[in-house]
Every structure is written in C-alpha cells, then in structure tokens.
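Work through the exercises below with the sequence and the 3D structure at hand. Each task is followed by a stepwise solution.

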Amino acid sequence: EYIDESEYQEARVLIRKLTRRLASGISRRYQHSSKIRRVDLRRSIRAGIRYGGTLIDLKYKQKKIQKPEIIFLCDISGSMLKYSQFTLLFMQALSESLPRINAFVFADSLEKVDFRRFSMEQLTHSQIWGEGTNIHAALKSLMENYYQVFRRASVLIVLSDTKSPQGDQAAERLKTIKRKVKEIVWLNPLPKADWSRYPTVSLFQKYCSMRECSSLAQLA
C-alpha cells in the first residue's frame, strides 16, 4: 500500500518537526557534556612531581558522549511499503543530525541507500521494491558485503514485520551480529497483541529489543 499524496505531505511536515526537536536535544547533550570536567588524578600527580608532589597544576578529564553509529535495515517488501516509506523519510531527515547512518533496504535481496541522494521515487524503481521478504538473505548479504559497518558503538535498527522464511537461520545471523554491535533495535509494525501468532517474533526477540512501530508517534 502506497502513501497517498496528502498523507505524504503531512508526514514530511511532521517528520521535519520531529527531527528538528531530536537534533536540538542531541545538540544540547553535546554542549552540556563539554562542560562536565573531573580532575584526572593520575595526570595531576604526574604533573605535580615538578613541585615536590604538590597538586598545583590540576589536570582535568572530560566526559565525551559519542554520537551513535546507526545501521538501518528497512524491509520494503509488499506488506511493508506504507511503514517503510514513513520510516525512510524519518531516517533521511535524522541523517542530517546523525551523519553516521549506514542505510540498507531489502526484500528478497539487499541494496545500500545513500541518503544524500535518496528519493522515494528513485527507490520505487528498485528491482526489489514490493517483492517478498527474506530476512536471512538480507542479513547474510549485510554481513558478507558490508561487514565493516559492524562496530562496538553501532546500533542496528531493523524495520520489518518479521514474516519471512528461514527464521531459524535469520535468528542465528542476529545472534552473531549482536556480538559485534552495541545493540539491536527491531521496529515491528504488527500490533503487539498479535506477536504471539508469529514464531519469528519470539525467535528474533532473543537477540534484540523489539518495539511496536505502526505509526509516526510510535516511531518517534
């Protein structure tokens, strides 16, 4: 199901407002973190040797909060089109504040997305747009062809309803990825009350934090 023109324009306005607020919050965090200073005892004692051990020249250390590195994996299979369009718009806007986002789309195979040159119109011409879902194949391709994106500071965000063949193999891939990244967050557009109906949900939940995400408010 595609977003109609009125929904699309409304979504863009809401997303811009939301991401501006998030960007402002991120900016404040870094401004505040730059003011947090603690005495670095080891360096201060070393510097004080020149003064007979008197701590005259105090050295300080500063808490640094690193911007997160995000790996975004978005399901653009037929059942996910409406949700994936909203989420891709959101992530594209967020990439202006968080430049370290590696984005990928998948259905039965995987494609890399460059948000600097991204457009929904361009994406709809992709060969995998609206095809069936194969999460295992997407994770396999991600691990084999883009292994360098997995870092201890990275957060993998997946948008998918989990409905896919080879669920056991996909879960094993998630297990391996979990050891390589800081966290895996799974955004699931299925109502939480229905999750028990799908074995893949319980399989994937072992290795990620799964959250219901069927609206812009829940995405935020």
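**Exercise 1.** Leaving aside its neighbours within four places in sequence, which residues is Thr162 in contact with?

Solution. The model is predicted, with local features needing pLDDT of at least 70, side-chain atom pairs counting only at pLDDT 80 or more, and totals for chains, interfaces and linings using all residues. Residues are numbered from 1 along each chain as its sequence is written, and side-chain values use heavy atoms, without hydrogens and water.

- Step 1: List the contacts (heavy atoms within 4.5 Å): Ile135, Trp186, Asn188, Thr200, Val201, Phe204 and Met210.

**Exercise 2.** Determine whether Cys74 is buried or exposed, and find what it touches.

Solution. 

- Step 1: Cys74 lies in strand β3.
- Step 2: Its relative accessibility is 0%, so Cys74 counts as buried (under 20% relative accessible area; exposed is over 50%, partly exposed in between, with a 1.4 Å probe and protein chains only).
- Step 3: Not counting residues up to four places away in sequence, Cys74 touches Ser84, Leu88, Phe104, Val105, Phe106 and Leu159.

**Exercise 3.** Identify the contacts of Leu88.

Solution. 

- Step 1: Beyond neighbours within four places in sequence, Leu88 contacts Phe72, Cys74, Ile76, Val105, Phe115, Phe118, Met120 and Leu123.

How values were computed
Helix = DSSP H or I, 4+ residues; strand = E, 2+ residues; numbered from the N terminus.
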